[in-house]
Amino acid sequence: MLIGKQTWEFENTPTIISTGIVGGPFEGNGKLSNTFDQIYADLWLEQNSFEQAHQLLLESACNHAFKKINRTPANVQFLIAGDLINQITPTNFTAKKLQIPYIGTFSACATSMESLALAANLINSKNANLILTGASSHNAAVEKQFRYPTEYGGQKPPTAQWTVTGAGVGLLSDKGKGPKVTSATIGKVIDMGMTDPFNMGEAMAPAAVDTIATHLNDRGIEASYYDCIITGDLAKIGRLIAIDLAKEKNLFLNEDSFLDCGLMIYNNDQEVFAGASGAGCSAVVTYGHLINQLNEKKLNKILIVATGALLSPLTVQQKQSIPCIAHAVSIENGGV
Amino acid sequence: MDKSPSTTKTQYKKLAQKKELKRPILKNCINAFFFGGLICTIGQGIATFYMYFFDFTEQTVGNPTTATLIFITMLLTGFGVYDHIAQFAGAGTAVPVTGFGNAVISAAIEHRSEGFVQGVGGNMFKLAGSVILFGVFSAFIVALIKTLLLEWGVI
């Protein structure tokens with residue numbers, strides 16, 4: 001049901017009944033390594049190209065999600081997923097393999113929550129009773145497309161971010177045990193004229209703040225309603241900017257409960273500059289660590305705000321500024 | 001925030017700049033100075049080696065020395081070490097011939113998955129191509145100026 005300007009509230013309790021999370025070698029050394037179902041020791045995943053490795057990540061995550069609850073792709077009505085590669089081919093090829101009716105999505109690194117919001121809406125409106133949704137990214141495949149060759153020796157500034165190699169998916173059902181998706185806010189594209197592709201946090205922060213403010217306003221709640229508000233990949237700089245920017249809007253985000261997936265996934269001694277990023281970043285943290293915390297009742301009400309920079313290498317070279325988007329989804333123990 | 005978009009953009013820029021982590025320029029310069037110097041010293045060592053043990057003179061030793069440095073770069077790039085050194089050394093590894101070698105080699109490795117012709121061949125000079133183009137072009141301009149000055153008897 002639409003409430004306020006751009007928020008859906010889900011009264012029919014779409015439930016995350018299973019998840020699948022896989023990661024690469026770098027993630028295996030990170031803080032959340034024990035939340036992954038599978039860690040691949042090699043970036044190539046024994047494939048012939050990084051793009052094929054990327055596809056296998058998503059496929060493998062989907063298979064883990066099925067295995068946990070003894071379901072097969074035949075039980076699922078829709079696959080809603082996306083990634084960062086041109087024409088979202090890794091997801092397309094996975095959809096070919098799984099043979100599930102497929103809705104491909106793209107919101108850069110906000111793809112995970114765009115997909116979850118759409119999935120929850122379809123379940124809520126009884127247009128489906130089991131949907132597979134998620135997002136993935138592969139460090140080397142993304143670097144190849146957006147930046148330089150993997151082995152190129154360019155010096156990165158401290159504002160740069162590290163793309164996550166990983167895939168996170170969830171199975172969303174109209175009934176069953178698990179945390180409920182209670183509402184979702186679809187964000188607007190916000191562009192504050194930032195142009196530095198090595199400082200995405202700075203570009204995305206205004207979109208995150210706008211979506212959070214609208215979400216709270218639409219639902220008529222305070223930020224303290226949630227145990228945690230977790231952004232996708234603002235990283236160190238973007239997170240601090242977002243806190244300041246929110247303050248200007250009279251929205252006070254508590255430092256301790258305003259977290260960022262990009263700062264949760266790696267250890268402090270891993271060289272990731274400002275933090276993690278990528279479509280897989282918010283997906284693996286949400287479907288792994290955060291859903292675990294909800295299931296263990298350590299957290300009960302969370303808002304995940306995935307942030308995406310909607311640029312391409314072409315727009316950067318043509319000196320366009322970076323348009324950004326943020327989609328928010330609230331997941332709670334117990335329904336609306 | 002919803003008033004005049006142009007002022008908000010400037011305001012936001014100010015706000016964002018306060019939080020931005022600056023590149024550690026002094027540290028980068030010092031690292032680059034010493035690392036670049038080290039590479040040149042190694043190059044000099046290789047050159048001296050060739051002149052001492054083989055039939056090279058100071059005029060002809062440049063080519064084999066460059067080739068050797070590029071070969072070492074190739075190994076370091078292929079084994080995935082070079083980019084880590086470069087993150088530390090910055091311009092120190094980018095400016096010597098090793099930087100050029102790495103730009104060519106890394107692109108060649110990266111696009112191996114698209115085949116030899118369209119992949120390696122088509123992308124090998126993706127990064128280094130403009131170095132070659134503008135290198136040759138500026139050499140042409142400088143040579144032209146010198147030729148004209150000689151013709152006119154200025155020098």
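Helices (H or I, at least four residues) and strands (E, at least two) are DSSP runs, numbered from the N terminus. With that in hand, chain B reads α-α-α-α-α-α-α-α from the N terminus on. What you have here is a predicted model, in which local features need pLDDT of at least 70 and side-chain atom pairs count only at pLDDT 80 or more, while totals for chains, interfaces and linings use all residues. Residues are numbered from 1 along each chain as its sequence is written, and chains are lettered from A, with ligands numbered from 1, in the order in which they are written.

**Chain B on its own**

- Chain B has eight helices and zero strands.
- Its radius of gyration (taken over C-alpha atoms) is 22 Å, well over the 15 Å from the globule rule (2.2 Å times the number of residues to the power 0.38) for 155 residues, so chain B is more spread out than a compact globule.
- Along the principal axes, the C-alpha atoms of chain B fill a box of roughly 75 × 55 × 40 Å.
- Chain B is split into domain 1 (35–124) and domain 2 (129–155), with bounds that come from an automatic or database domain assignment.
- The centres of those two domains of chain B, taken over C-alpha atoms, are 27 Å apart.

**Where chain B meets chain A**

- On chain B, 28 residues are in contact with 26 residues of chain A; contact means that C-beta atoms, placed from the backbone, lie within 7 Å.
- On chain B's side, α1 (5–19), α4 (82–89), α5 (91–94) and α6 (97–110) each give two or more residues.
- α6(B) gives the most, with seven residues.
- By class, chain B's side has 13 nonpolar, nine polar and six charged residues. Here Ala, Val, Leu, Ile, Met, Phe, Trp, Tyr, Cys and Pro count as nonpolar, Asp, Glu, Lys and Arg as charged, and the others, Gly among them, as polar.

**The two domains of chain A**

- Chain A is assigned domain 1 (2–173) and domain 2 (180–332).
- Their centres, taken over C-alpha atoms, are separated by 17 Å.
- Between them, 58 residues of domain 1 of chain A are in contact with 57 residues of domain 2 of chain A.
- α4(A) supplies the largest share of domain 1's side, seven residues.
- That side of domain 1 of chain A has 27 nonpolar, 24 polar and seven charged residues.

**Strand β10 of chain A**

- Six of the six residues of β10(A) (residues 180–185) are buried, so this strand is largely enclosed by the rest of the structure.
- β10(A) runs antiparallel to β2(A) (residues 7–9), joined by three bridges, and antiparallel to β15(A) (residues 324–332), joined by five; strands pair if DSSP finds at least two bridges between them.
- Ser183(A) in β10(A) is the bridge partner of Glu9(A), and Ser330(A) in β15(A) is the bridge partner of Ser183(A).

**Nonpolar cores**

- A nonpolar core is a set of buried Ala, Val, Leu, Ile, Met, Phe, Trp, Tyr and Cys residues joined through C-beta atoms within 7 Å.
- The largest core has 113 residues, and Ile131(A), Met204(A), Ala208(A), Ile304(A) and Val305(A) touch the most other members.
- Domain 1 and domain 2 of chain A each give this core at least three residues.
- A second, separate core of seven residues includes Tyr152(A), Ala103(B), Ile105(B) and Ala107(B).

Conventions:
Two residues are in contact if their C-beta atoms, placed from the backbone, lie within 7 Å. A residue is buried if 20 or more other C-beta atoms lie within 10 Å of its own, exposed if 12 or fewer, and partly exposed in between; C-beta atoms are placed from the backbone.
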